[in-house]
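Here are my notes on the model, as numbered points. Please read them with the structure open.

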Amino acid sequence: MTSTSNSKGIVEDDDEEEEFQHFDDFTVASSWERFISEIEAVCRQWLADGTKNLLVKDALRMDSFKDLYKVKSEFKYAMKSYCMEYYFAISNDGKVAEWDHTLHDLQLSFGVKEFVVIAPQSASGVVLDAPEASKLLSAVAIALSNCSCLWPAFVPVHDPSRKAYIGIQNMGTVFTRRFEADRIGSQVPIKLMHLEGLYELFVSKFAYTTVDWSMHHFEVYFKMKLTYRTPVYDDEDEFQEPDADITGSSENLESGTHGKSQWDDDSPWSKWYSAEDPIKGFELLAIWSEITAESSLDMAELENASPLEAEKWLLYPCLSSNLVGICDGSTIGFASQLRLLIKAFEMSSEAKFIEDFVSGSENLNSSAVVPPPTVLDRVLKDLFHEVTEAQADFSQVEHESSRSIKGAQPESLFAQFCLHALWFGNCSMRAIAVLWIEFVREVRWCWEESQSLPRMPGNGTIDLSTCLINQKLHMLAVCIDKKRREAEGQNIGTSDSENLQTPMNFSASHEVSKGFGRKNERNDSAGVAESMMLLKSCKTMHFPMTQDPPPMTEDMHEERLQAAEALGDSFSFSAQLEKDILASDMSAFKAANQDAVFEDFIRWHSPRDWENDDSHEIGVSQTNPMEEVSEVKWPPRGRLSERMSGNGNSWRKIWNEAPPLPVSEQKPLLDPNREGEKVLHYLETLKPQQLLEQMVCTAFRAAADTLNQTPVGQLKQITTKTRQLYATMASMLKYLQSYNIMSDSDVIDDLRRLCTTFEHIEKLILLAASLHRKFVQSPHLGEAIFSDCYDYYLPNMGTGSGLGDNNTKKEFDKKQRVSSRDRNVIVGMFTPPTANQSWRKVLSMGNLLNGHEPILREIVFSKNDRVSESYYASTNPKLSRQDVETYRMYVCGTSNDLRVALAVTSFD
């Protein structure tokens, strides 16, 4: 027996049943009736499964739509193949959300939630023949009616570009809805460009009259949504001064544009690159809800109304594709250049000397391009000759966690060198080698000419938390300063008043003013003590002028520690290491206090080693010093500590050997010529891998510190992510300088992953900066939009891929409601069009916002009727009191593109 449905697929193999093979079932005799039966069987199966089982079986999720799934089945009829698709949502609410752009086109056009679409399996996917379309729709309608299914059914017709449909829905035993949609892609009639003409088009569907529509009243409900987009100006719209190209090219060495302002011109990163604005613009939705119009005059009046009168404003940003794209370094920024630096670091072990990458084998220098000498000269000029005092002061631009990374301060000489290297010659190893060689030559010139080293302090203590190159440059700056002062005939051993060794941390000027009140004219004394006198002679104690301790770099400390470990007695050797400094202080103290003994020096230099039995000492009076001296209980009761009073104490031995010499006659503790040459020798013989190790750490730190200066407002997400970035960089980079690239490739992979994390944070900071600039007057709105973007971007942070993957691809659709007090801020973003723009645009739609027409207008007209006059109302009292939406028309488009979808409910 022939099966009534292809879905059953039963094959009869027994000989007994072969005799029924040609039996005709006259209940499904025709091919069209068999086609209906097949459709009905599939629909019954979908109804029986329900949405939950369909999700488990073979339902496919529609990526572009919110919570929308579909299942499909294929049929054959009249030598043609058709595909029927059932679309359904998993939410239980039967209503369709208002103005939800994530809805399917048919859901938005006709207000339906679940529906069926049947179409031919052809290249066009539409039914071009009108009789065929009607017959196909009738077949589906009969099948749905047979299984008591209320799904609306649609058939695509006409040309695919028209997006035209016809449809039908059985709403029970009373009502039937018919659907029709079509589109005008060009040459929209002028009348239909305006609300008045659209109103009359809707009224013409149910009011049969030939008189003027404006003279009759038809109560119609409608909702309207207007979409505006902030203007984007092209190059012709930008105002340029006549000589902008001349001045711009000579002043800005990094910028590639002249006379045209960029959105990030005053940003911290603008010196290095110009970033694409992550916010390409904003779209504003102005919504009017449930308005009643009785004539076309009402619509004409509404068309002239300002969008400020709309009931609701919704705003959402148009994000750049670079923000949501894959994080692979294709976007120009610090992260992309850091990836190139890591590639150069990986290559640095291929040669022993920097010069090999410039003049070595072809394998090392043939593939990389070095910028021309003019570019090199501009970089060196920026590093050494165009330094302001503000640039030299880098104490205020560091992040609180920046010192955990062993790099250099962002405005220091080596940090600026690393940032320049990121953009010099595409950060190839050969370009870095060329730049480093010229950099060292320039440093040597500063040394030989006794010129101050720019961007480096000439005094102070060397910061051992920075990289060794930065420490060496600091040491060289100190040596240059001392060398220059020595050449000028100054006393290089004399300290400033704030660096003098004084008891109880008092300065010499303070002691003189509060003690004796008379000026000290001795060149070996920095001042007198207020209440201290020498033990033997009872004379007032003088504070000596002493030499500063010599600065030491990290490798110098390591050398001393290695020597101490070799000798075995670290304590006594530590004292020996400080012998030169201690002997200098003792000689200066003896010169300032001729009658001093060892105990006097201890009372001044190390008060903790003098144990007082009676600490009361009466000072000398300013009015009559001799009277006060007679009242002092002398000598004071006290003694040396056990550490200083032991036999063979090294301090006492040094005291006995130290001659009384003022600081001006002593040998300097720091030999600037020797230490300066040692620094230059280190820089000139530095191995490529050692250079790149320190460059990587410094470049990461300097780039992060540069981005950290970006004003972003009160965004806790940026603060948290920045802190996490510094912690991640510190943990990954701390092993770098002890790393052997030939034995462990995991570090390179870790550094590449760090670049990906850095790129995520960099994108977020650029986004926050862009929003902060645009919402200065409404920071809370900018923060709310950033929070939405952050939640959208967060799932992809820390991964190697961005939102460009197929599995995670979705559009940003979160909108922020704009309050009444913030609307003027949004209006300010729509700058009035210039004269150049006005003649190019022919305004055809109303509801202008600062001279800008909406880019999209959507309207839903509806008309409700009571069913009291219908045939079925008399038998159903409840139904007679029901309002039914008898007519609904959805209009979407602009002056050049119009789409209309009509739904009519009839009493069949």
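**Notes on cores, helix packing and salt bridges**

1. At 17% relative accessibility, Lys70 counts as buried. This is a predicted model. The salt-bridge partner of Lys70 is Glu85, with the closest N and O atoms 3.2 Å apart. The pair joins distant parts of the chain: Lys70 sits in strand β2 (residues 68-77) and Glu85 in strand β3 (residues 80-89), 15 residues apart. Glu85 is buried too, at 16%.

2. Lys191 and Glu200 also pair, at 2.9 Å from N to O. Here Lys191 is exposed, at 51% relative accessible area, whereas Glu200 is buried, at 9%.

3. Asp749 and Arg752 form a salt bridge at 3.6 Å. Both lie in helix α28, 3 residues apart, about one turn of the helix. Asp749 is partly exposed at 32%, and Arg752 is partly exposed at 37%.

4. The structure holds 41 salt bridges. Lys271, Asp382, Glu411 and Arg455 are linked in a network of them.

5. The largest nonpolar core has 151 residues. Phe414, Trp436, Phe758 and Phe861 have the most contacts inside it. Helix α28 (residues 746-774) gives the most to this core, with 14 residues. Apart from it lies another core of 33 residues, including Phe75 and Tyr82.

6. Phe758 touches Phe334 and Leu338, and also Phe700, Ala703 and Leu707, among others. These residues also take part in the contact between helices α9 and α26.

7. The axes of α9 (residues 334-347) and α26 (residues 688-708) come within 10 Å and cross at roughly 170°. The two helices are therefore roughly antiparallel. Their contact residues divide into 13 nonpolar, 2 polar and 1 charged.

Technical notes:
Residues numbered from 1 in each chain as written. Predicted model: local features only at pLDDT ≥ 70, side-chain atom pairs only at ≥ 80, totals over all residues. Heavy atoms only, no water. Core = buried A, V, L, I, M, F, W, Y, C linked by side-chain atoms within 4.5 Å. Buried < 20%, exposed > 50% of the residue type's maximum accessible area, 1.4 Å probe, protein only. Helix = DSSP H or I, 4+ residues; strand = E, 2+ residues; numbered from the N terminus. Contact = heavy atoms within 4.5 Å. Axes fitted to C-alpha atoms, helices over the stretch in contact; angles between N-to-C directions. Parallel < 35°, antiparallel > 145°, perpendicular 65-115°, else oblique. Nonpolar A, V, L, I, M, F, W, Y, C, P; charged D, E, K, R; others polar. Salt bridge = Lys/Arg side-chain N within 4 Å of Asp/Glu carboxyl O. Lists of a residue's contacts leave out its neighbours within four places in sequence.
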